[in-house]
Amino acid sequence: MNAIEFILAGMLAAATPFLLAALGELVVERAGVLNLGVEGLMAFGAMLAFIIVYHDGGHLLAFVAAGLGSAVLSLVFAVVALGFRANQVATGLAIGILGQGLSALFGKSYESLTVKGLPRLALPWLSEIPVVGGLFIQDVVVWLSLAATLAIWATFANTKLGLVVRAIGENPKAAHAIGYSVVTVRFAAVAFGGMMAGLAGAYAAVVYTPLWADGMIAGRGWIAIALVVFGTWLTGRIFLGACLFGAVSLMGLGAQATGLDVPSQVLASLPHLVTILVLGIISADRRLLKLNGVASLGEPFER
Amino acid sequence: MLNNLTRRTLMKGVAAAGLTGVLGGRVAMAADEPLGITLVIPSPVGDVGWGHALAAGLEPVKAAYGDKVRVTVIENIPEGPDADRIMNKTVSDGNNFLIAGSFGYQNGALQIARRNPAVTVLHASGFQVAPNFSPFAAKYFQGTYLLGMAAAALSKTGKLGSVSAFAIPELITSINAFTLGAQVVNPDVEVSVVWVNSWFDPAKEQEAAKALMAQKCDVIFSNAQDTPSVISACEEAGVYAFNLNSSMKKYAPKTYLGCVATDWSPFFKASVDAHVAGTFKGANAFLGVSDAVVEVVDWNPDIPADVMTRIKAIEAKIADGSFSPFTGPITKADGSEGVATGTTLPDGEIVAMDWHVKGVATPLPK
């Protein structure tokens, strides 16, 4: 296996935690809500999932619990930020810190323990192609995240539900005037975002790096939020950004392993630089940015 | 009792403590107050790893002094202003013995020592010395040299790898000695290094291990990782691996090569004794096999018996001081002379090492 095969084989799995969390945040922001607590929601989900797998509860239950647990935690955000119309930035940060604190607290006795990950499934035929074959040998969660990406893209593009969520993000007053409950839809969006962040955390703790350590999310939640913004709230670009980020971070490690003479600090910052650059270039069209941007993002809704 | 605080639980106390600080100034310590010992570390304390080794090193101190000491471990403190603030707080709370458990705490910890002559500070992996400030470091290189010999004997590809945290002298020295030891058994061995530029990012560490495996490295040195991220990934892939500080054999029952274990208790005990007696004198504490601080444990039974005999012979020579891994001739990676034939690198140059030996394939980041 050479460096290119290594990057191709690992790219999708490396992207999955970012992708899941960013897709969730995309739905939240599309509905006009800014939830900055993703990092903490991921950590909370990761901790729940790890504890369940560690006690032989199985991966399925772990993912369900992580999704539900983080969704419930994100509803605390919804009650404060949407119900009581508190500042969304401050509330999101607070919930994020709460999630990290809770994960550290309940995860304390599991520190540095390990569990078994999930087996990888190979797609017939495709996985036997030389060089790119590794791309088609992934665990089931990766395949499901790709399906979720398609589903969310299709929902926004083709369904009434998608249009309602977008309308509420664009102009909540108008949406309200024609009879949609802005707060209900926003609550649902926040819960969905929380669930996705929980799943992302679960993936990180019981599949990708099957161990628990306080702080293991290591800023991935923040990168997910950044991906949504740099992906200009478009599902396809967020997917691209997540893959790019995953691929370039693996590239940095692969390049060092092959002995390339580039300072490792530069390689470590490359994923950030390249992702910002590429997504920046493709979203350089300001007219398009205005079109895709969410008009009421972060503003509390008052009838 | 050991108080395990996390940064977050500490935050709650900061406000209250700040208030008492303002109102009462520093509370004078009564003579019968227990000696407050605070250990600050950058990662969480687990069952294994650097933080665990430091915390475990304080156990004999607690056993010896009982309720005459009060030990607080503050974990998960990133290097930087946050750490300075927390170390300042713990000292102003009356804890007169501070162990700053990471290289990056150096400047903040040194300032504390200068401002508070009554406080004794031990600082991990640094080089600054003051009358009440001792840097301490383990001669990991003595152990990694021995494991390098074992690694070269077991490697089929002749390629070894290391997942390393930051390119600081301590870690560079470990990699160099690992390479030199490997060359004793196989002169053509090649060592690749991946710097993850983080003390703590299990996912990235595991990715780095996989990147090395993709380059056909079949023995991997987990250099300064606090979780079994690298070790467990290696077990899964059937690749031999070893680490520093405390044994991770339970995470890799088949492919665990060994552990360069550290036992800080003799040093911590001696330093606390000196502090209590008022005789503490800051000095560079660079401790190894002969100080009973470093020991290689959990050797893998797959290591061929003849190689094991050679390893044990060299281990004995390191222990009695008649051999150092950094004995010339040693060539640097750039081809220039590192250590001249017949001379041995003094400790002062070992702790400041900023070059790779020939055989390390990855260029050193500048």
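Which residue in β5(B) is the bridge partner of B:L98? The residue is B:V121.

The model is predicted; local features need pLDDT of at least 70, side-chain atom pairs count only at pLDDT 80 or more, and totals for chains, interfaces and linings use all residues. Residues are numbered from 1 along each chain as its sequence is written, while chains are lettered from A and ligands numbered from 1 in the order in which they are written.

**View 1. Strands β4 and β5 of chain B.** Strand β4 (residues 97-100) runs parallel to β5(B), with four bridges between them. Strands are DSSP E runs of at least two residues, helices are H or I runs of at least four, and both are numbered from the N terminus. Two strands pair if DSSP finds at least two bridges between them. Strand β5 (residues 120-124) has five of its five residues buried. Buried means 20 or more other C-beta atoms within 10 Å of the residue's own, exposed means 12 or fewer, and partly exposed lies in between, with C-beta atoms placed from the backbone. B:T120, B:L122 and B:A124 point one way from β5(B). B:V121 and B:H123 point the other way.

**View 2. The whole of chain B.** Chain B has 12 helices and 15 strands. Its C-alpha trace spans about 65 × 40 × 40 Å along the principal axes. A compact globule of 366 residues would have a radius of gyration near 21 Å, and chain B agrees, with 21 Å. That radius is taken over C-alpha atoms, and the globule rule is 2.2 Å times the number of residues to the power 0.38. Of the 366 residues, 51% count as buried.

View 3. Domain 1 covers 2-138 + 264-287, and domain 2 covers 140-254 + 293-350. These bounds come from an automatic or database domain assignment. The C-alpha centres of the two domains lie 30 Å apart. The contact takes 18 residues from domain 1 and 15 residues from domain 2. Contact means C-beta atoms, placed from the backbone, within 7 Å. On the domain 1 side, α2(B) gives the most, with five residues. That side has 12 nonpolar, six polar and no charged residues. Ala, Val, Leu, Ile, Met, Phe, Trp, Tyr, Cys and Pro count as nonpolar, Asp, Glu, Lys and Arg as charged, and the others, Gly among them, as polar.

**View 4. Chain B against chain A.** Here 36 residues of chain B are in contact with 31 residues of chain A. β8 (190-195), α8 (202-214) and α9 (229-237) of chain B each supply at least two residues. The largest share, nine residues, comes from α8(B). The chain B side divides into 17 nonpolar, 13 polar and six charged residues.

**View 5. B:I220 and the largest nonpolar core.** A nonpolar core is a set of buried Ala, Val, Leu, Ile, Met, Phe, Trp, Tyr and Cys residues joined through C-beta atoms within 7 Å. The largest core holds 207 residues, and B:I220 is one of those that touch the most other members. Helix α8 (residues 182-208) of chain A gives the most to this core, with 18 residues. Not counting residues up to four places away in sequence, B:I220 touches residues including B:V163, B:L212, B:V230 and B:A241.

**View 6. The loop at B:D32.** B:D32 is found between α1 (7-24) and β2 (35-40) of chain B. B:D32 is exposed, because 6 other C-beta atoms lie within 10 Å. B:D32 and B:K68 are 36 residues apart in sequence and 8.2 Å apart in space, C-alpha to C-alpha.

Terms used: Two residues are in contact if their C-beta atoms, placed from the backbone, lie within 7 Å.
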